[in-house]
Amino acid sequence: MSQNDDKTTRYWLTGSAENFAKAERDFKLGDNVYALFWLHLAAEKLLKAAITKLTKAPAPYNHDLVYLCQAANVQLDDAQEKFLKTLTVFQLETRYPEDFLDLKKQASNEVTASLFSEFNKFQTWLNQILK
């Protein structure tokens, strides 16, 4: 990996950590929809780090987490794919007001806590691949 590739990978990893901290903050404040928005962004940046490190290609301008896994040549199991598809919904829907109230109902404390737990498992798994 060139020094420039390493710098880009570090950029994405740092951004992921910062977004995860924002997700935790919003969850503690009870703002679950935005906690999940930030959690999605943390996952997205983690995957963009994987793309730059594993493929040496620039990360695409895309927010679909399953697509980003494909771009990184990372194979998901069914549970991981389901988790990423669920998290992607929260990224998209927070941007458009027509579905926001329904999304608030879906983002219960239990659902949000479960998605945080799944994120932690996914992050640990992906970090093992990135070593």
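Analyst: Helices here are DSSP runs of H or I with at least four residues, numbered from the N terminus. By that count, Lys 53 is found in helix 2. Keep in mind that this is a predicted model.

User: OK, how confident is the prediction for the protein chain, in pLDDT terms?
Analyst: The chain has an average pLDDT of 93, and 94% of the residues score at least 70.

User: And which elements have the lowest and highest mean pLDDT?
Analyst: Helix 5 (residues 100–106) is lowest with a mean of 86, while helix 3 (residues 65–71) is highest with 98.

User: Back to helix 2. Is it largely enclosed or open, and why?
Analyst: Largely enclosed by the rest of the structure, because 20 of its 24 residues are buried.

User: What span should helix 2 have, and what does it have?
Analyst: With 24 residues at 1.5 Å a residue, helix 2 should span 34 Å. Its end C-alpha atoms are 34 Å apart, so that agrees.

User: How do helix 2 and helix 6 sit relative to each other?
Analyst: The axes of helix 2 (residues 32–55) and helix 6 (residues 109–130) come within 11 Å and cross at roughly 10°. Angles under 35 degrees count as roughly parallel, so helix 2 is roughly parallel to helix 6.

User: What kinds of residues make up that contact?
Analyst: There are 16 nonpolar, five polar and one charged. On the helix 2 side they include Leu 39, Leu 46 and Lys 53, and on the helix 6 side Phe 116, Phe 119 and Phe 122 are among them.

User: How far is Lys 53 from Asp 5?
Analyst: In sequence they are 48 residues apart, but in space their C-alpha atoms are 6.9 Å apart.

User: Switching topic: what happens just after helix 2?
Analyst: Lys 56 takes a positive phi of about 65° there, although Lys 56 is not a glycine. Lys 56 lies in the loop between helix 2 and helix 3, and at 45% relative accessibility it counts as partly exposed.

User: And what about phi at Asn 73?
Analyst: Asn 73 is a residue other than glycine with a positive phi, near 60°. Asn 73 sits in the loop between helix 3 and helix 4 (78–93). Its relative accessible area is 60%, so Asn 73 is exposed.

Methods:
Residues are numbered from 1 along each chain as its sequence is written. This is a predicted model: local features need pLDDT of at least 70, side-chain atom pairs count only at pLDDT 80 or more; totals for chains, interfaces and linings use all residues. Side-chain values use heavy atoms; hydrogens and water are left out. Axes are lines fitted to C-alpha atoms, for helices over the stretch in contact, and angles run from 0 to 180 degrees between N-to-C directions. Helices (H or I, at least four residues) and strands (E, at least two) are DSSP runs, numbered from the N terminus. Angles under 35 degrees count as roughly parallel, over 145 as roughly antiparallel, 65 to 115 as roughly perpendicular and the rest as oblique. Contact means heavy atoms within 4.5 Å. Ala, Val, Leu, Ile, Met, Phe, Trp, Tyr, Cys and Pro count as nonpolar, Asp, Glu, Lys and Arg as charged, and the others, Gly among them, as polar. pLDDT is the predictor's confidence in each residue, from 0 to 100. The expected span of a helix is 1.5 Å times one less than its number of residues. Buried means under 20% relative accessible area, exposed over 50%, partly exposed in between (1.4 Å probe, protein chains only).
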